[in-house]
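Please open the model in your viewer and keep the selection tool at hand.

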Amino acid sequence: MEKLVERLEAAVGRLEAFNAKLPSVAVAGAALKDDSQGSTEPAIVAYEELIENSFGRVLSAAQKIGGQVLDVTKILQQSFLVQKDLLVKAKQCKKPDIAGLVEFLKPLNEEIVKANSLTEGRRSDFFNHLKAVADSLTALAWIAYSGKDCGLSLPTAHVEESWQIAEFYNNKVLVEYRNKDPDHVEWAKALKELYVPGLRNYVKSFFPLGPVWSATGSTVVSSSTPQKPQMKAPAPPPPPPASLFSSDASTSQSKEGMAAVFQEINSGKPATAGLRKVTADMKTKNRSDKTGIVSGVEKEVSRPSAPAFSKAGPPKLELQMGRKWVVENQIGRKNLLIDDCDAKQSVYVFGCKDSVLQVKGKVNNITIDKCTKMGVIFVDVVAACEIVNCNTVEVQCQGMAPTFTVDNTSGCQLYISKTSLGTSITTAKSSEINVLVPKDDGDKDWGEHALPQQYVHNFKDGQFVTTAVSHSGN
């Protein structure tokens, strides 16, 4: 009898232990079910196919090119993977407030900042590749759309608008390598197809009104504290509104500058408060030392006898690796000359001020970057002459130039020879661009033509028609 009781007690113990394990088994099964649902969700499956197919072409071409192109392509890959995680997470979370949305989008914003950091500093040979990817990543911000008052266009329109900005640099890659390297051309074409029609059609099919949030999921909580905000955090790139990617740091910064002026005006204090009182002896009519002659003892303005040097670095005018002429940090030099060049070499002018460069001979392309009051005279270019981030520059083509590109420049005079009247001029984010062409009666007389910088967009027949603003009297 005692043995039977012992056996029954042992059996009961085993049953109790088995029942204790059942809840954990059920929880694990539920979690596995949730994971499988996330991986089998039609929107997620379609997104994975987009990455595998469309992005696979971009990555394959980048691996053949290597270097910085491969680096920025890996950032592009990581950005798309981050967005996939955000899409899965959105279905498990309630729709967040602004602070929560900032925290939710933080991983994506970090990838965008990484891509933009590659475009900063000295312009590399693959700048157009880097810039195309960096600008295109803003298309992924469609996931921040939360309604018509959020500051973003509808997701499909936002993807298209973002790609239009990036396409400016993507087209430069196509033009530059069209007859040189098919791998670069394939990379640029694949990048475009990744966004248009790839990402655009995906968003249009699954998220035309923005991400789908869970009604009963967890709440996204901002990790920011009421302590002093992090002012060193890098600002996100446009075009997404700052409110979607910025934190309380932006509100604290907005209290400085003009906001501080208006705050003091509204404080009720007299407008002259804080100004020094001018006493009678400080007035000019009462000064005893008034002579009417400017004193020569005053501090004299020193004028350097030799051209000054830029603080950015020493001046350069040299041929690097036998392929690239580099002209950097030249200030006040009116006699810069490159005469020993050929059609396989390029010319890169950076950080020069109040100088004139003459290029005698045919070169592949000429790039003028971050220059002020700079003049460049050249004979022929094979590809293009690019003017980027400049202020008040003059460029004269004495021979043939198939393409001119002016980007983010204020004040540009282009002198086009008769043989280059068929040239193509592309402008973006620039103002005060004048093109001078020779008149029929001789090269000594020039006809000046101002390129428009204001446009009118009208919606006609299902699409927008853009025309330049015409002013009366012109």
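Begin by selecting residues 127-136, which form helix 6, together with residues 155-177, which form helix 7; in this predicted model the two helices pack at an angle of about 160 degrees, and their axes lie 8 Å apart. Since an angle over 145 degrees counts as roughly antiparallel, helix 6 and helix 7 are therefore described as roughly antiparallel to each other. Their crossing is left-handed.

To see where this pair touches, show the side of helix 6 that includes F127, H129, K131 and D135, and then, in helix 7, residues among them W163, I165, Y169 and E176, which belong to the set that helix 6 meets. Sorted by class, the residues of this contact are 8 nonpolar, 5 polar and 4 charged.

Next, select T138, which sits in the loop between helix 6 and helix 7. Is T138 buried or exposed? With a relative accessible area of 1%, which is under the 20% limit, T138 is buried. A polar atom of the T138 side chain lies 2.7 Å from the backbone oxygen of D135, a residue of helix 6 that also takes part in the contact with helix 7.

For the last stop, move to helix 2, residues 42-65, and helix 3, residues 67-90, which pack at an angle of about 170 degrees with 9 Å between their axes, and which are therefore roughly antiparallel to each other. Residues of helix 2 including I44, Y47, F55 and L59 meet residues of helix 3 including L70, L76, F80 and L87. This contact comprises 16 nonpolar, 5 polar and 2 charged residues.

Terms used: Residues are numbered from 1 along each chain as its sequence is written. This is a predicted model: local features need pLDDT of at least 70, side-chain atom pairs count only at pLDDT 80 or more; totals for chains, interfaces and linings use all residues. Side-chain values use heavy atoms; hydrogens and water are left out. Axes are lines fitted to C-alpha atoms, for helices over the stretch in contact, and angles run from 0 to 180 degrees between N-to-C directions. Helices (H or I, at least four residues) and strands (E, at least two) are DSSP runs, numbered from the N terminus. Angles under 35 degrees count as roughly parallel, over 145 as roughly antiparallel, 65 to 115 as roughly perpendicular and the rest as oblique. A crossing is left-handed if the near helix is turned anticlockwise from the far one by less than a right angle, and right-handed if clockwise. Contact means heavy atoms within 4.5 Å. Ala, Val, Leu, Ile, Met, Phe, Trp, Tyr, Cys and Pro count as nonpolar, Asp, Glu, Lys and Arg as charged, and the others, Gly among them, as polar. Buried means under 20% relative accessible area, exposed over 50%, partly exposed in between (1.4 Å probe, protein chains only). A polar contact is a pair of N or O atoms within 3.5 Å; within protein, one must be able to donate a hydrogen and the other to accept it, and residues adjacent in sequence count only if both atoms are side-chain atoms.
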